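Me: I've got a model open and would like to walk through a few of its side chains and cores with you. Could you take my questions one at a time?

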Amino acid sequence: MKDNWVKNSLGYESGIYIYQDKNMFNYSVDTILLGNFVTINRNVKKILEIGTNNAALSIFVSERSDKIIIDAVEIQKKAVEIAQVNVDINKKNNQIFLFNQDFNIFAKDHAKNQKPKYDSIICNPPFYKIDSKIKTGISEEMMIATHEFKLNIDQIFEGSSKIIEQKGYISLVIPPERLVDVFVSMRKYKFEPKRVKMIFPRENQRPNLALVEGRFQSGWGTIFEENIYLHPEDKNVHKYTDEVFEIYKPIKSKDK
């Protein structure tokens with residue numbers, strides 16, 4: 001393995017591990033929360049992950065059910081190299097399939113060739129617009145993962161609308177500041193926001209993440225689910241709450 005690769009546990013007591021490049025995007029709590037927010041039921045058999053990076057999200061979701069197949073698309077070649085190692089060491093080669101490709105091209109080719117559509121699409125997208133302030137010293141790989149240089153919210157929903165089944169699910173984790181952008185883009189491409197869950201660092205603070213699930217060509221109606229608070233209200237306590245600790249490992253699907 002390369003010197004700048006670090007092996008980490010993926011969640012608590014999960015039995016899964018991934019290598020991460022210290023100079024590239026590394027998974028965080030948003031990956032875990034999205035992984036357990038995604039709807040997994042008897043109708044969800046084929047999933048697409050947009051922008052898989054090191055495959056942490058795909059691997060985590062695959063642990064929830066051994067009946068799902070995941071195609072994972074990633075534009076960065078170096079990230080796909082790490083992702084393939086992670087798929088290999090977790091023995092997911094029969095469940096996760098990697099594609100080193102720009103999602104915009106992938107979606108067009110998939111639709112043009114009339115390949116089977118996806119039951120669910122998942123994405124931890126670049127959070128920030130191109131005009132957002134970029135930290136000094138950040139790598140090009142990190143910029144692509146965090147800012148909309150190669151993929152923006154509108155492109156996610158435009159491409160997804162061409163390759164998803166009717167009433168198929170699409171799930172994202174975003175900053176609350178981008179909620180309006182997501183809702184507008186969803187409606188533009190015939191997705192309807194169905195579930196929203198806000199994530200707060202602590203009870204007395206503003207939310208810093210939002211989980212959103214939409215469905216394609218579905219009826220209107222949005223449910224705001226119970227909030228998640230990552231840490232106790234006391235700022236001197238830096239551990240996760242018991243609730244977060246419980247969801248920091250894959251929640252197995254009960255559907256057969």
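Me: How many aromatic pairs does the count come to?
Reply: Keep in mind that this is a predicted model. Rings pair here if their centres lie within 6.5 Å. By that rule the count comes to eight aromatic pairs.

Me: Which residues do ring pairs link into a cluster?
Reply: We're still on ring pairs here, but now on how they join up. The cluster they link is made of Y12, Y240, F245 and Y248.

Me: Is H231 buried or exposed?
Reply: H231 is found in the loop between strand 11 (228–229) and helix 8 (242–246). The cut-off for buried is under 20% relative accessible area. H231 has 18% relative accessibility, so H231 counts as buried.

Me: Which backbone oxygen does the side chain of H231 reach?
Reply: Leaving aside neighbours within four places in sequence, H231 is in contact with P201, R202, V237, H238, K239, Y240 and T241. One of these contacts, K239, is the one to look at. At 3.1 Å, the side chain of H231 reaches the backbone oxygen of K239.

Me: And how does N100 count by relative accessibility?
Reply: N100 is found in strand 5 (residues 96–100). Exposed would need over 50% and buried under 20%. At 41% relative accessibility, N100 therefore counts as partly exposed.

Me: At what distance does the side chain of N100 reach the backbone oxygen of I75?
Reply: Not counting residues up to four places away in sequence, N100 touches E74, I75, Q76, K77 and V80. Its side chain reaches the backbone oxygen of E74 at 3.0 Å. For the backbone oxygen of I75, the side chain of N100 reaches it at 3.2 Å.

Me: Which residues touch the most other members of the largest nonpolar core?
Reply: That core has 36 residues. Elements giving two or more residues to it include helix 1 (29–37), helix 3 (77–89) and strand 7 (164–174). Touching the most other members are L10, L33, I47 and V61.

Me: Last one: the charged end of R215 sits over the ring of which residue?
Reply: There are two arginines to look at here. R195 lies over the face of F37, at 3.9 Å from the ring centre. The charged end of R215, 4.2 Å from the ring centre, sits over the ring of Y169.

Technical notes:
Residues numbered from 1 in each chain as written. Predicted model: local features only at pLDDT ≥ 70, side-chain atom pairs only at ≥ 80, totals over all residues. Heavy atoms only, no water. Helix = DSSP H or I, 4+ residues; strand = E, 2+ residues; numbered from the N terminus. Buried < 20%, exposed > 50% of the residue type's maximum accessible area, 1.4 Å probe, protein only. Polar contact = N/O pair within 3.5 Å; in protein donor to acceptor, adjacent residues only side chain to side chain. Contact = heavy atoms within 4.5 Å. Core = buried A, V, L, I, M, F, W, Y, C linked by side-chain atoms within 4.5 Å. Phe/Tyr/Trp six-rings, centres within 6.5 Å; stacked < 30°, edge-to-face > 60°. Lys NZ or Arg CZ within 6 Å of the ring centre and 35° of its normal.
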